[in-house]
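Work through the following exercises with the sequence and the model side by side, and try each task before reading its solution.

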Amino acid sequence: MPKKERTFVAKLAHEARKTHKEECPVCGKDRVAVVIYAAVYNDEGTWRPQRRRMKLCDCNRKEVYG
């Protein structure tokens with residue numbers, strides 16, 4: 001029987017359970033794992049959603065959310 005794939009929610013939960021918390025070197029606060037969805041356009045003008053996982057803190061919150 002093939003190994004069951006973990007869902008995306010399970011991957012985020014696993015990352016949140018890690019005992020090692022990553023601190024931002026600039027602001028000193030803990031970084032939080034978030035998922036960012038963006039529209040990616042190709043040459044024909046059609047788009048598809050792109051899902052990116054990144055670590056968010058107070059330093060890069062304005063860059064990510066605008």
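**Exercise 1. Determine how many helices and strands the chain has, and in what order they run.**

Solution. Helices (H or I, at least four residues) and strands (E, at least two) are taken as DSSP runs, numbered from the N terminus. On this basis the chain has two helices and two strands, and from the N terminus on, the order of these elements is α-β-β-α. This is a predicted model, in which local features need pLDDT of at least 70 and side-chain atom pairs count only at pLDDT 80 or more, while totals for chains, interfaces and linings use all residues. Residues are numbered from 1 along each chain as its sequence is written, and side-chain values use heavy atoms, with hydrogens and water left out.

**Exercise 2. Decide whether the chain is spread out or compact, using its radius of gyration.**

Solution. The radius of gyration is taken over C-alpha atoms, and the globule rule is 2.2 Å times the number of residues to the power 0.38. For 66 residues the rule gives 11 Å, whereas the chain has a radius of gyration of 16 Å, well over that value, so the chain is more spread out than a compact globule. Along the principal axes, the C-alpha atoms fill a box of roughly 45 × 45 × 15 Å. With buried defined as under 20% relative accessible area, exposed as over 50% and partly exposed as in between (1.4 Å probe, protein chains only), 9% of the 66 residues count as buried.

**Exercise 3. Describe how strand 1 and strand 2 are joined.**

Solution. Two strands pair if DSSP finds at least two bridges between them; here, ten bridges join strand 1 (residues 32-41) to strand 2 (residues 47-56), and the two run antiparallel. Tyr41 stands opposite Trp47 of strand 2. Five residues lie between the strands of this hairpin, in which Gly45 takes a positive phi near 95 degrees.

**Exercise 4. Characterise the surroundings of Val32: which residues does it touch?**

Solution. Begin with its place: Val32 lies in strand 1 and is partly exposed, with a relative accessible area of 47%. Next, taking contact to mean heavy atoms within 4.5 Å, and not counting residues up to four places away in sequence, Val32 touches Met54, Lys55 and Leu56. Finally, Val32 and Lys62, which are 30 residues apart in sequence, are 14 Å apart in space, C-alpha to C-alpha.
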